[in-house]
Amino acid sequence: MLHALVAVLVGLAICQLANLVTTVFLHRALSHRALTLSPGITFAFRVVTWLSTGIRPRQWVAVHRKHHAFTDVEGDPHSPVILGYAKVQLGNVGLYRKAAKDEAVVARYARDLPADRWDRVLFDHALIGLGIGTALLWLILGWQWALLAGGVHMASYLGLSASVNAIGHTWGRRRYDNPARNNQWLAWLTAGEGLHNNHHAAPTFARLAHMAREIDPGWWLVRLLVGRGWASVRHEEAKLKVPSAA
Ligand SMILES: [Zn+2]
Ligand SMILES: [Zn+2]
């Protein structure tokens, strides 16, 4: 029983690590250039992304930039307004894969992120990354608990990523005049991504919390990296696309 509890907690911890890497590296740094990371931190994030998600960064970036270009209109890869909430919440992985595999989408929206030698040798091979990640868990926990921890991580990571796209465009507060929504409870679970209305209002701002009462856990990591001299942010204040607050 204790082993099972430990395995579940390890799975949830890995999910939070993956959420931090997703929001700070894939989203804020690569997709929007809201912050710039040092080469060492960039490489560390590439490794953690590979081991914990199997995501190819340039594909994630391309799909996400397309979402910003066509937010909740025809062409959005994962809009609950177009497709319905359930189809995005439950089918987000398939919607992502469909857009990510479209070479024209990647060529158009991630032309600043061409594959380098590390991608060709390691990071473009998702199954090897996930296999090594699982093997590390296996060494630490033993195979049955490694499977449980890996399963908890995978289910929670995929479920929460889908929630940002589905809930984040369906329910919650709209401070700014854009279709996305703010949900602080979701932001707690997704390293800040639940403050999605704020993000669509100021995509190049590295902090997703705009008010004192809002909490963006991903920002804590950004601040730590900036404090160490390993990152710098693009704007000190939110640069709003539409300068109005509801
Ligand atoms: Zn969005
Ligand atoms: Zn974004």
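Q: Where in the structure does A29 lie?
A: A29 lies in helix 1. A helix here is a DSSP run of H or I with at least four residues, while a strand is a run of E with at least two, and both are numbered from the N terminus. By the way, this is a predicted model, where local features need pLDDT of at least 70, side-chain atom pairs count only at pLDDT 80 or more, and totals for chains, interfaces and linings use all residues. Residues are numbered from 1 along each chain as its sequence is written, and chains are lettered from A and ligands numbered from 1 in the order in which they are written.

Q: Why does A29 count as buried?
A: Buried takes 20 or more other C-beta atoms within 10 Å of the residue's own (exposed is 12 or fewer, partly exposed is in between, and C-beta atoms are placed from the backbone). A29 has 25 C-beta neighbours inside 10 Å, so it counts as buried.

Q: And what makes G131 partly exposed?
A: G131 sits in helix 8. Its count is 13 C-beta neighbours inside 10 Å, so G131 goes down as partly exposed.

Q: What does A29 touch, not counting residues up to four places away in sequence?
A: With that limit, A29 touches V24, A34, L35 and L37. Touching means that the C-beta atoms, placed from the backbone, lie within 7 Å. Along the chain, A29 and R234 are 205 residues apart, yet their C-alpha atoms are separated by 9.7 Å.

Q: What makes a set of residues a nonpolar core?
A: The set must be buried Ala, Val, Leu, Ile, Met, Phe, Trp, Tyr and Cys residues joined through C-beta atoms within 7 Å. The largest one here has 50 residues, and those with the most contacts inside it are V21, F25, L26, A29, L35 and V61. Several elements give two or more residues to this core, among them helix 1, strand 1 (35–37) and helix 9 (143–166). Helix 1 brings the largest share, twelve residues. As for V21, leaving out residues up to four places away in sequence, it touches L26, F45, V48, T49 and S52.

Q: Why are helix 1 and helix 12 called roughly perpendicular?
A: Roughly perpendicular covers 65 to 115 degrees (under 35 is roughly parallel, over 145 roughly antiparallel, and the rest oblique). Helix 1 (residues 2–31) and helix 12 (residues 217–227) pack at about 65 degrees with axes 10 Å apart, so the two are roughly perpendicular. Axes are lines fitted to C-alpha atoms, for helices over the stretch in contact, and angles run from 0 to 180 degrees between N-to-C directions. The contact is made by L20, T23 and V24 of helix 1 and G218, L221 and V222 of helix 12.

Q: What about helix 3 and helix 5, why roughly perpendicular?
A: Helix 3 and helix 5 pack at about 100 degrees, with axes 9 Å apart. They therefore count as roughly perpendicular. Q59, V63 and K66 of helix 3 make the contact with Y96, A99 and A100 of helix 5.

Conventions. Contact = placed C-beta atoms within 7 Å.
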